[in-house]
Each structure stands twice: as structure tokens, then as C-alpha cells.
Amino acid sequence: MKIVVVFPHIVEPYRGVKHNYPLSVNFLLTCINRGIGRDEHQTLVGDKYHIARVILGFFGGYKNFKANDESFKHLGAQYVMRIPFTYEEEGQQEAFGHDTVSLLEKVLKT
């Protein structure tokens, strides 16, 4: 049996005041947008606020996780695939503006 990690290709991981995340602000906001924009989902049900909380909870689970190949291999993975789930580029976090990032930090309680 082979263990393969499929992880998003992230150019600019989110760096909070107290904690770091291996995913970007763009990735998080895209996931929330996709989640609340779906008409039906087998397991992610509820109003848009509940859906956003669930996604934020999953994002929070990556707090201070180092998403490098060595960390994944330490967890038993033989292969690591990085797939571009969202459009990523340098400087995106600044493009969201200070207010958006500041609100995100409050939500994540960093």
C-alpha cells in the first residue's frame, strides 16, 4: 500500500501574529466562497454561517503545521503531490488589504 498526500500548491502561506498556517488567505476565502455557494453538499449542510465556521475549523486544524515533504513523510507518506486548487501568486495577502487580514486574525484568534 502506498500513502500519497495531496496538498494544495500554496505560494504564500498565511503568517499570523502568533501562529502560522501552511495555507493562504486566498485558499481559505476561496474554500469558504465555494462552500457557501453550493446548492447541495452531502455532508456540509446548514446555513452559510455554519458552513463558513466548519471550513474555518478545518483551516484552524493546520495551525503551526509545517507542510513540507519531510513532515508528510514523517507521518508515513511515500509521495507528496502539490496540486493548484486555487490561483496563487506572490503578494496576494497584501492584495486582500490590512482590514481583511486583521479580521481573519480575529476569527482565528491568533
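The model is predicted, so local features need pLDDT of at least 70 and side-chain atom pairs count only at pLDDT 80 or more, while totals for chains, interfaces and linings use all residues. Residues are numbered from 1 along each chain as its sequence is written, and side-chain values use heavy atoms, with hydrogens and water left out.

**Overall fold**

The protein chain has 4 helices and 2 strands. Helices (H or I, at least four residues) and strands (E, at least two) are DSSP runs, numbered from the N terminus. Along the sequence the pattern reads β-α-α-α-β-α. The C-alpha trace spans about 40 × 35 × 25 Å along its principal axes.

Contact means heavy atoms within 4.5 Å. Among contacts between residues at least 6 apart in sequence, 72% join residues at least 24 apart.

The chain exposes about 7,700 Å², and carbon and sulfur atoms supply 54% of this area. Accessible areas come from the Shrake-Rupley method with a 1.4 Å probe; for residues, only the protein chains shown count as cover. Of the 110 residues, 35% count as buried. Buried means under 20% relative accessible area, exposed over 50%, and partly exposed in between.

**The core**

In soluble globular proteins, nonpolar side chains tend to be buried together. Here the largest nonpolar core has 22 residues. Such a core is a set of buried Ala, Val, Leu, Ile, Met, Phe, Trp, Tyr and Cys residues joined through side-chain atoms within 4.5 Å. Tyr 14, Leu 28, Phe 59, Leu 104 and Leu 108 touch the most other members. The elements giving two or more residues to this core are β1, α1 (25–37), α2 (48–60) and α4 (92–108). Helix α2 supplies the largest share, 5 residues.

Not counting residues up to four places away in sequence, Leu 104 touches Tyr 14, Val 25, Leu 28 and Leu 56.

Ile 32 sits in helix α1. With neighbours within four places in sequence left aside, Ile 32 contacts Ala 52, Ile 55 and Leu 56. Ile 32 and Tyr 49 are 17 residues apart in sequence, and their C-alpha atoms are 9.7 Å apart in space.

**The surface patch**

Val 4, Val 6, Tyr 79, Met 81 and Phe 85 form a nonpolar patch on the surface, with about 440 Å² of accessible area together. Strands β1 (4–8) and β2 (79–83) each give two or more residues to this patch. Patches are made of residues with over 30% relative accessible area and no salt bridge; like charges are joined within 9 Å, nonpolar side chains (Val, Leu, Ile, Met, Phe, Trp, Tyr) within 5 Å. Val 6 lies in strand β1.

The structure holds 1 salt bridge. This term means a side-chain nitrogen of Lys or Arg within 4 Å of a carboxyl oxygen of Asp or Glu. The side chains of Asp 69 and Arg 82 meet in it, at 3.3 Å, N to O. Asp 69 lies in helix α3 (residues 69–74) and Arg 82 in strand β2, so the pair ties together parts that are 13 residues apart in sequence.

His 19 is placed in the loop between β1 and α1. A polar contact of 2.9 Å joins the side chains of His 19 and Asn 64. A polar contact is a pair of N or O atoms within 3.5 Å; within protein, one must be able to donate a hydrogen and the other to accept it, and residues adjacent in sequence count only if both atoms are side-chain atoms.

**Accessibility of selected residues**

| Residue | Relative accessibility | Class |
|---|---|---|
| Val 6 | 43% | partly exposed |
| His 19 | 19% | buried |
| Ile 32 | 16% | buried |
| Asp 69 | 37% | partly exposed |
| Arg 82 | 34% | partly exposed |

Key:
Buried means under 20% relative accessible area, exposed over 50%, partly exposed in between (1.4 Å probe, protein chains only).
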